[in-house]
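Please open the structure in your viewer and keep the selection tool at hand. The tour below goes from the whole chain to single residues.

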Amino acid sequence: MEEIKKTCLHDRHVALGAQMTPFGGFDMPIQYEGIVEEHNAVRGACGVFDVSHMGEVLVTGPDAERYVNHIFCNDVRGIPAGKILYGMMLNDNGGTVDDLLVYKRADNDFFLVINAANIDKDVAWITSHTEGYDVEIENLSDVLGELAIQGPEAEAVMEEVLGIQCKELEFYTFKESLLDGKHILVSRTGYTGEDGFEVYADHDTIRSLWDALMDSGRAKPCGLGCRDTLRFEVGLPLYGDELAEDISPIEAGLSMFVKLDKPEFIGKEAVLKQKTEGTSRKLVGLELADRAIPRHGYEVLNDADEVVGHVTTGYRGISVDKSIAVALVDTPYTAKDTELKVRIRRKTFPARVTAKKFYKKSYKK
């Protein structure tokens with residue numbers, strides 16, 4: 001049995017009394033005070049997440065830009081240094097190997113941020129496609145930690161508590177600098193629907209920053225429980241739920257991140273066919289009239305009680321106070337306001353197709 005990993009902040013979580021659970025191969029905090037309290041802290045003020053379980057891969061060399069464009073469905077050609085793009089790595093069938101962020105440091109230098117559960121798979125996949133490209137691949141996942149500082153007060157907390165100037169950062173951009181002599185990378189993306197920042201640094205620096213935030217009382221420690229409720233309410237996908245090896249970005253409604261006008265990328269033919277001919281299923285939002293809570297894997301039924309899909313994520317929406325879900329549903333049943341049902345345990349509950357975004361995002365523009 002593979003030994004579970006710990007982030008550089010594991011002892012801090014335990015000391016705070018966090019509820020810990022395995023996630024992506026790591027022992028991670030699910031909640032401290034409670035999911036609702038932490039969720040509301042991020043929506044209303046500021047929360048901090050330990051996301052040091054995420055993976056980081058550096059791609060450098062003369063062919064770095066051409067290579068990243070080969071394995072990535074978005075288009076990095078011509079974007080300026082300091083810009084970040086979201087997108088996916090696809091398999092030959094158009095399914096999603098992983099969704100990731102690509103940070104462009106220079107034409108020959110790209111920083112890839114990948115999902116924790118996929119680190120080993122992704123690194124193997126990335127290195128297996130380098131033939132014909134003059135690039136070097138370096139897995140930095142074990143040496144870097146990451147904090148996510150999120151919420152409407154995040155900018156003030158970054159500057160006043162951590163001493164990191166970030167006002168000039170636009171959405172989906174980053175900068176690198178020294179903090180107390182240590183190299184840090186700071187970005188403005190977020191996975192909560194609120195304004196927010198990510199800080200990547202060595203483990204000692206991450207511990208120092210976490211301690212400063214805790215001592216200040218300006219940022220509430222938040223676990224992966226509310227990270228999921230926050231991202232779900234604003235329609236952001238989670239790998240393993242809304243995206244997977246057998247779910248394409250076209251099916252997931254993420255076509256805007258698939259640049260079919262690029263000359264080539266792995267999986268292009270498959271997703272081009274899906275875009276041209278349509279797909280047999282799509283991700284949709286569902287709203288239930290009842291307070292019953294749909295969960296991942298629950299069946300979605302039509303009015304003849306035939307199974308036409310399954311829930312990928314479901315909650316009682318904390319910010320919207322509704323029972324809501326995202327579901328992968330057969331295309332004939334995906335029009336807005338289509339009446340469906342969700343089987344929850346042995347009962348079925350009426351549901352209505354809606355948009356996947358249940359709560360308005362408040363990102364910095």
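What follows is a list of stops, each with something to select and a note on what is there.

**Before starting**

This is a predicted model, in which local features need pLDDT of at least 70 and side-chain atom pairs count only at pLDDT 80 or more, while totals for chains, interfaces and linings use all residues. Residues are numbered from 1 along each chain as its sequence is written, and side-chain values use heavy atoms, with hydrogens and water left out.

**Stop 1: the whole chain**

The chain has 8 helices and 19 strands; helices (H or I, at least four residues) and strands (E, at least two) are DSSP runs, numbered from the N terminus. The C-alpha trace spans about 65 × 50 × 45 Å along its principal axes.

How does the radius of gyration of the chain compare with that of a compact globule? With 365 residues such a globule would have a value near 21 Å, and the chain agrees because it has 21 Å. The radius is taken over C-alpha atoms, and the globule rule is 2.2 Å times the number of residues to the power 0.38.

Of the 365 residues, 56% are buried. Buried means under 20% relative accessible area, exposed over 50%, and partly exposed in between (1.4 Å probe, protein chains only).

**Stop 2**

Select strand S1 (residues 19–23) and strand S2 (residues 26–31). They pair in the antiparallel sense over 5 bridges; two strands pair if DSSP finds at least two bridges between them. Gln19 has Gln31 in S2 as its bridge partner. The two strands form a hairpin with 2 residues between them, and Gly24 in the turn has a positive phi of about 60 degrees. In S2, 5 of the 6 residues are buried.

**Stop 3**

Strands of a sheet pair through backbone hydrogen bonds, either parallel or antiparallel. Here, look for an open sheet of 5 strands in the order S5-S6-S7-S4-S8, with antiparallel pairing. Its edge strands are S5 and S8 (136–139), each of which pairs on one side only. Neighbouring strands of this sheet are turned by 30 degrees against each other on average, direction ignored; the axes are lines fitted to C-alpha atoms, for helices over the stretch in contact, and angles run from 0 to 180 degrees between N-to-C directions.

Inside the sheet, select S6 (residues 96–106) and S7 (residues 109–114), which run antiparallel and are joined by 5 bridges. Ala106 stands opposite Asp109 in S7.

**Stop 4: Asp75**

Move to the loop between helix H3 (64–71) and strand S5 (84–90), where Asp75 is found. Is Asp75 buried or exposed? Asp75 counts as buried because its relative accessible area is 16%. Its side chain makes a polar contact of 2.9 Å with that of Asn69 and another of 2.7 Å with that of Arg77. A polar contact is a pair of N or O atoms within 3.5 Å; within protein, one must be able to donate a hydrogen and the other to accept it, and residues adjacent in sequence count only if both atoms are side-chain atoms. Not counting residues up to four places away in sequence, Asp75 touches Asn69, Leu85, Lys259 and Lys262 (contact means heavy atoms within 4.5 Å).

**Stop 5: Asp180**

Asp180 sits in the loop between strands S10 (174–179) and S11 (182–187). Asp180 is not a glycine, yet has a positive phi of about 55 degrees. With a relative accessible area of 78%, Asp180 is exposed.
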